[in-house]
Amino acid sequence: MNLQVQMWLQAVVNGVALGWLYIVMALGLTWILSIMGILQLAHGEVYMIGAYVVYYLCSSLGLNVYFSILISMVVMAAFGIFLERFLFRVRADRDPVLTPIVVSTGLSLILTSGAVAGFGLYEKSIPRLLYGSVRLFGGAVPKDRLLAIIFSAAALLLLFLFLKRSRWGQAIMASAQNREGALLRGIDPNQMAMISMAIGCAMAALAGALAGSILMLQPYMGSQPMLKGLVIIVLGGLGSLPGAFVGGMLLGLIDGTIPVIFGPAAAALAPLIIVILILLIRPTGMFGHE
Amino acid sequence: MKRRGVTLKLLGVVLSAALLVGAMGTFHQTSAAPAKHVKIGSVMPITGPLAVLGLAFNRGWQLYLDKINSQGGLKIGDETYLFDLISEDSKLSAEGASTAAKKLINQDKVDYVVGGIMEFELEAIYQATSTRKVPFIIANINVPGHQADVSPKKPFLVRLFYSHDDSHSIDLDYLVKTYPKAKKMVIVAPDVDYDRMIEHLTAQAKVVGIDVVGVGKWAFGTTDFIPTYTKALAMNPEVIWAMVSGQATYQLMAARQLGFKGPFVSNVPLGPEVFQHVVNDPTALTDVITNGVDLSRPNEMIKDVMGRWDAKFKDPFVSDCLAAWDQTWILTQAMEKAKSVAGDKVIAALETMTAPGSLKTCFGPGQMGGAKRFGVNRVLTRPLPLTRIMNGKTEFIGFMTVK
């Protein structure tokens with residue numbers, strides 16, 4: 001196969017892998033936004049801490065990396081419950097818009113500083129999910145990226161099944177669509193918010209663990225994905241889960257292919273230009289509503 | 001009664017003697033000149049993604065100054081000088097660096113400023129220091145010859161950090177000797193003004209029979225190197241040269257994951273222990289050539305610095321602090337040569353220390369130079385470490401003299 005074609009196909013596969021990572025990250029963020037109505041600006045730091053939990057489980061306790069990722073998701077889900085209960089719960093004496101923004105901004109700073117103090121600045125790494133590469137379309141594709149696609153797709157499928165097939169999932173959807181109506185049906189909105197936050201944080205932990213293994217692990221690793229997450233939810237439409245999926249995949253393909261085809265300068269500009277174009281055509285995002 | 005009187009007299013004698021001794025001590029103190037203080041201000045990013053480097057440099061300076069202070073200070077003539085380090089955060093921005101430098105100069109009244117990792121920081125710091133004629137010592141530069149670098153138009157600027165392209169001849173000679181069949185090279189570099197260094201390396205490589213078949217560039221801030229290396233490996237290289245990048249570890253991982261098995265050269269002083277720690281895969285850690293110090297085989301001076309670090313800090317040792325240690329060490333050597341701590345005299349003394357071996361460093365004897373390339377002899381040249389990593393294990397080749 002022609003080297004150029006091989007190169008582009010490799011780039012597309014990498015773009016798909018990145019896209020899935022972004023989807024898992026953005027899904028957590030948009031999930032929290034759609035269910036709880038708050039923009040969790042410390043989501044990138046939850047992602048980062050999820051990755052460090054995996055690192056410590058592997059390096060200090062010698063646990064298998066896959067098992068560590070599962071434990072990290074459970075730990076961060078519990079952390080999410082704590083956050084909802086004590087920081088983000090809707091109360092009559094709190095401004096519903098400003099308070100979460102201020103709280104999550106402060107939380108972001110505390111978590112980053114805490115990570116620097118607790119984990120240090122020295123470079124660390126999470127064991128790779130898989131070593132080596134496979135030949136695909138004539139080019140080498142890292143196995144860990146393929147596995148990241150599988151893990152992310154599985155997580156998304158489980159989430160979809162949870163929403164569609166379980167009572168809790170149905171209750172959460174009802175609460176998101178009409179909080180007062182759900183309340184009248186006996187659905188506790190605080191309980192739904194707690195579950196949603198737990199799921200959102202677990203998704204962030206999964207994304208962080210996968211990114212920490214594939215990309216890099218350091219206390220400031222959450223800021224760029226957070227920015228991408230915000231771009232994705234704006235692109236996809238505020239609070240839209242299908243929008244987060246499409247937006248995440250689009251951004252992943254851009255990040256995976258533009259640097260290869262057009263070089264680094266275009267790679268920095270392309271996502272922004274595309275977002276601006278889409279918002280000019282559809283100001284509410286691809287799947288957003290007025 | 002009589003006994004009481006004797007006791008009182010004895011007490012009086014003892015008290016008087018004590019007062020006399022105390023007075024003599026005070027007299028001695030006031031008659032001996034107190035040590036003077038030389039204030040050195042540092043401007044480094046100690047928060048943010050490059051904080052690990054910024055902290056390592058700060059600690060290196062502090063460790064050397066602690067050493068000299070604990071030995072009683074620097075004696076020049078009849079004067080003794082103790083050193084104070086005042087550190088400020090550049091926040092990895094030009095504005096942060098400028099604010100920090102101005103605070104050090106105007107508020108802390110420092111005698112010297114040292115610091116900067118990125119060129120925009122260096123420019124911002126020099127703008128502040130030059131207006132008050134405070135000597136600025138460049139701690140690091142990525143692009144030698146950049147407008148932020150030393151020049152005849154900048155009398156208060158000196159660089160006590162080597163030029164990264166000093167490593168080219170050393171690494172190329174080793175490549176040719178050890179991998180004689182590797183004839184096609186791709187250079188992978190950040191997309192930040194490295195063009196002159198790339199041209200320089202390309203020309204030097206051609207002389208030793210290696211063709212540079214392509215250049216892959218990545219945007220500053222890149223975390224995923226798979227796209228860059230997908231493009232780079234499409235040019236079918238036999239050797240990859242990752243030019244001056246603190247992220248060479250991640251680049252190596254990307255190259256190996258995409259199936260590249262040839263020699264990988266990283267000409268940045270990243271220690272092999274960082275490669276081992278981050279990459280953590282013996283099959284990837286093979287045929288890796290780096291200009292970092294092998295900390296498992298330190299010389300006596302490096303061992304001393306490492307010991308001092310371990311005694312003072314609980315974090316793992318970061319080898320970048322050795323460059324910083326050397327910078328303050330060289331400064332005091334220049335002060336001794338100048339027989340003065342005054343900035344202009346010290347810089348003038350440095351400019352005369354061009355004979356090989358004029359300066360002592362952790363890496364071996366060095367000297368100042370740069371007149372031919374930069375117009376002034378205000379750039380440090382010293383031996384560079386060369387280490388190869390094979391199957392996850394380091395092979396320290398040695399401290400190589402720069403041609």
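Helix H7 of chain B (residues 226-233) lies across S7, S8 and S9 of chain B, and its direction makes an angle of about 160° with S8(B). Keep in mind as you look around that this is a predicted model.

The strands under discussion belong to an open sheet of seven in chain B, ordered S8-S7-S9-S10-S11-S15-S16, with mixed pairing. At its edges sit strand S8 (211-218) and strand S16 (393-400) of chain B, each pairing on one side only. Zoom in on strand S7 (residues 184-190) and strand S9 (residues 239-242) of chain B, and you'll find them running parallel, joined by four bridges. One contact to pick out there is B:Met185, whose bridge partner in S9(B) is B:Val239.

Stepping back, chain B splits into domain 1 (36-163 + 299-382) and domain 2 (165-296 + 386-400). How far apart do the C-alpha centres of domain 1 and domain 2 of chain B lie? The answer is 28 Å. Where the two meet, 15 residues of domain 1 of chain B are in contact with 13 residues of domain 2 of chain B. The domain 1 side of that meeting has seven nonpolar, seven polar and one charged residues.

Now for chain A. Its secondary structure amounts to eleven helices and two strands, and along the sequence they follow the pattern α-α-α-α-β-β-α-α-α-α-α-α-α. Chain A has a radius of gyration of 19 Å, close to the 19 Å the globule rule gives for 290 residues, so it is as compact as a globular protein of that length. Its C-alpha trace spans about 65 × 50 × 35 Å along the principal axes. Of the 290 residues in chain A, 49% count as buried. Among contacts in chain A with a separation of 6 or more, 76% come from residues 24 or more positions apart.

The two strands of chain A find each other: strand S1 (residues 133-136) and S2(A) pair in the antiparallel sense over four bridges. A:Ser133 stands opposite A:Pro142 in S2(A). Together S1(A) and S2(A) make a hairpin with two residues between them, and A:Phe137 in the turn has a positive phi of about 50°.

How do the chains meet? On chain A, 29 residues are in contact with 28 residues of chain B. Elements giving two or more residues to chain A's side are helix H1 (3-36), strand S2 (139-142), helix H10 (241-262) and helix H11 (264-281) of chain A. H1(A) gives the most, with six residues. By class, that side of chain A divides into 19 nonpolar, eight polar and two charged residues.

Finally, here are two residues and their partners elsewhere in the sequence.

| Pair | Apart in sequence | C-alpha to C-alpha |
|---|---|---|
| A:Thr284 and A:Gly236 | 48 residues | 8.3 Å |
| B:Gln62 and B:Gly48 | 14 residues | 21 Å |

A:Thr284 lies in the segment after H11 of chain A. Is A:Thr284 buried or partly exposed? With 14 other C-beta atoms within 10 Å, A:Thr284 is partly exposed. B:Gln62, in helix H2 (residues 51-70) of chain B, counts as buried because it has 23 C-beta neighbours inside 10 Å.

Conventions:
Residues numbered from 1 in each chain as written. Chains lettered and ligands numbered in written order. Predicted model: local features only at pLDDT ≥ 70, side-chain atom pairs only at ≥ 80, totals over all residues. Domains from an automatic or database assignment. Contact = placed C-beta atoms within 7 Å. Nonpolar A, V, L, I, M, F, W, Y, C, P; charged D, E, K, R; others polar. Rg over C-alpha atoms; globule rule 2.2 N^0.38 Å. Buried ≥ 20, exposed ≤ 12 C-beta atoms within 10 Å, placed from the backbone. Pairing = 2+ DSSP bridges. Axes fitted to C-alpha atoms, helices over the stretch in contact; angles between N-to-C directions.
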